[in-house]
Amino acid sequence: MDFEKKNINPEVEPSGTGCVECLENGTWWVHLRRCAECGHVGCCDSSPNQHASKHYHLTGHPIITSYEPGENWFYNYDTKDSFEGPQLADPQSHPLSQPVPGPEGKVPSDWQSKIK
């Protein structure tokens with residue numbers, strides 16, 4: 001747990017309401033994940049672009065948490081363990097009004113055939 005504590009910053013706010021890279025590129029995501037160290041919001045591994053995992057490989061930040069409403073879990077990419085963690089700075093999830101998958105207007109009608 002000491003390893004996990006040093007990779008979690010409870011005071012850092014999330015980078016936004018959606019996947020940073022998908023919003024920049026005009027693409028879409030299935031679910032969102034938040035880096036517990038720097039707050040980067042990226043898309044999950046079921047999403048076409050897997051930006052949360054790419055963020056881990058680029059930065060070495062191993063701990064993510066769900067950025068979905070009602071979900072409260074953490075995951076360590078290094079150990080492949082899920083665990084309960086501390087309360088992070090608000091907001092705890094993307095807005096409830098944001099569709100899943102998202103963002104609105106970018107999700108193809110056949111999105112289910114495109115997920116991993």
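**Salt bridge, strand pairing and nonpolar cores**

D110 is partly exposed, with a relative accessible area of 37% (buried denotes under 20%, exposed over 50%, and partly exposed the range in between, with a 1.4 Å probe and protein chains only). The model is predicted, so local features require pLDDT of at least 70 and side-chain atom pairs pLDDT 80 or more, whereas totals for chains, interfaces and linings use all residues. Residues are numbered from 1 along each chain as its sequence is written, and side-chain values use heavy atoms, without hydrogens and water.

K114 is likewise partly exposed, at 40% relative accessibility. The side chains of D110 and K114 form a salt bridge with an N to O distance of 3.5 Å (the criterion is a Lys or Arg side-chain nitrogen within 4 Å of an Asp or Glu carboxyl oxygen). One salt bridge is present in the structure.

Strand β3 spans residues 63-66 (strands are DSSP E runs of at least two residues, numbered from the N terminus). β3 pairs in the antiparallel sense with β1 (residues 32-35) over three bridges, and with β4 (residues 74-76) in the antiparallel sense, also over three bridges (pairing requires at least two DSSP bridges). Within β3, I64 is the bridge partner of C35 and stands opposite Y75 of β4. Both faces of β3 are covered, I63 and T65 being buried on one side and I64 and S66 on the other.

The largest nonpolar core comprises seven residues, namely C19, C22, W29, L32, V41, C43 and Y67 (a core joins buried Ala, Val, Leu, Ile, Met, Phe, Trp, Tyr and Cys through side-chain atoms within 4.5 Å). A second, separate core of six residues includes I8, I63, F83 and L88.

Notes: Helix = DSSP H or I, 4+ residues; strand = E, 2+ residues; numbered from the N terminus.
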